[in-house]
Amino acid sequence: METDPRQRAENWKEELVCGVCLELFEDPVTLECGHNYCRSCIVGCWEMQESNYCPECLEVFPEINLKSNRALSNLVEKAQSRDRRRRRKGRTFYCDLHQEKLKLFCETDKKLICGICRDGREHKYHNFIPLNEAVDIYKDNLKSTLDAVAKRKTTVLKAKFNQKQKISQMREQSRNLQIHIRYEFAKMHRTLNEKEQSLSRDLRDQEDRILEDMRENLRGIQEVLDSIERVLVEFQAKLDQPDILNILKEEGCWNMRFREKHDSMALVDTELSPGIFRGPLQYIAWREMMDSISPVPASLTLNPKTANPWLILSSDLTSVKMGEQRQVLQDRPERFDRCACVLGAEGFKSGRHYWEVEVGDKTEWDLGVAKKSCDRKGRIKRMPDDGYWRLSLRGGGEYKAFTAPPTYLSLNVDPRKIGVYLDYEGGQVSFYNADDMSHLHTFTDAFVEKLYPYFCPCLNDGGKNAGLMKICWFNQDELQELSQAPSTTPSNLGTSTS
């Protein structure tokens, strides 16, 4: 079917429409990607964006390089001239009912009418305006709508571009995490492989030494056997002699020679050492891996200068609980005065760190990290924006990470020990159920100042929540002793102090 000439003209005209303002090009320019826009439209878009990109294909340009498109500008001028000639010819519309010219616009019914329709019953009491005024009004309305749609398109294109960036960032993050996983386990694999190869070499060396002793002894036994064979032959020859006196004369010498040969024969019965090669190999390897594991649980203590006056700290500063009455303590700038909190004595401004806190059967608690300049006086929100990254238990079963809005956690079991992991450069604070090392929640942020472990045992709740919060520590001296004594039991590796 042949295309209508008017339709072909309209299709041709669509190629001259700017993708931003949806009108004919005005001072058209071409981007490096080949797409065309009005100069003012693309410059206006880039002024509202963080980066310069093509609204059509989303290609990003580090530098602004706009080339005027003279050929396209000429085509636009031809299209506009054709439209002006067409408007000069004009078109007349007639009423279908009365065959009169449509000269009025009914604002009530939103339709064109003639003079007879205006006086009829259907349009009685309606509002009318001249046709040319209606055209101007609705042109303005349409232009406003087009502007709004163009802005909406720009917003949607920007959202599309941002989503693509997020997808790319997610893939990059996944690749980096995969590299991290492989690196961490490669260190353990390397330690295990080195231990396996070392044991295999020791086993081969011990086998070679013992076998060499056995082969040497076997050669000695063969020599004895050969000597005995010669003696037997000699004895037989003597027995065949007719002179019996000579046999009796040499009897003592023969007995001595035979006894010497017989006494010199002994077996080498050395065995391999099963205690070395068939002992607790996995535990021995684990003991040697401790030097390559980082981080190991830190031996933390509490800072009494930061403790709220209602808190009671143990003498070794490794546990805390809520007291029955407020203590009279010096009001220091670093002390919490309203919130029942205390910070760790040691802060971290670099590296990776991990510690564990025993919460036992407590029904409420807070744990996490806080920055050095965090607010400590009065009622404080203790959110990430305030310098607090914390996890809490409330009501005996509501686990919550204090994000905005809060993140509620659904746990199958109630942890009795919580692990806190801080990667300062990586901007990560993670929480784990230290009983099985299952992940609970992770905060990500950018840290710029020293961070301190944060503890809050919460109110006693009539004795239901009176238990201690205990820092579980890893004794490095004991670890060194264990590494020198493989027979030590694994239970001595970690202890919990109150």
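Analyst: The side chains of Arg394 and Asp366 meet in a salt bridge, with N and O 2.9 Å apart. A salt bridge here is a side-chain nitrogen of Lys or Arg within 4 Å of a carboxyl oxygen of Asp or Glu. This is a predicted model, in which local features need pLDDT of at least 70 and side-chain atom pairs count only at pLDDT 80 or more, while totals for chains, interfaces and linings use all residues. Residues are numbered from 1 along each chain as its sequence is written, and side-chain values use heavy atoms, with hydrogens and water left out.

Arg394 belongs to strand β12 (residues 388–394) and Asp366 to strand β11, so the pair links parts of the chain 28 residues apart; strands (E, at least two residues) and helices (H or I, at least four) are DSSP runs, numbered from the N terminus. Asp366 counts as buried, at 0% relative accessibility. Buried means under 20% relative accessible area, exposed over 50%, and partly exposed in between (1.4 Å probe, protein chains only). Through shared partners, salt bridges join Asp366, Arg382, Arg390 and Arg394 into one network.

Another salt bridge joins Asp361 and Arg416, whose closest N and O atoms are 2.4 Å apart. Asp361 lies in the loop between β10 (352–358) and β11 (365–371), and Arg416 in the loop between β14 (407–409) and β15 (417–423), so this pair ties together parts 55 residues apart in sequence. Asp361 is exposed, at 62% relative accessible area, whereas Arg416 is partly exposed, at 40%. The structure holds 14 salt bridges.
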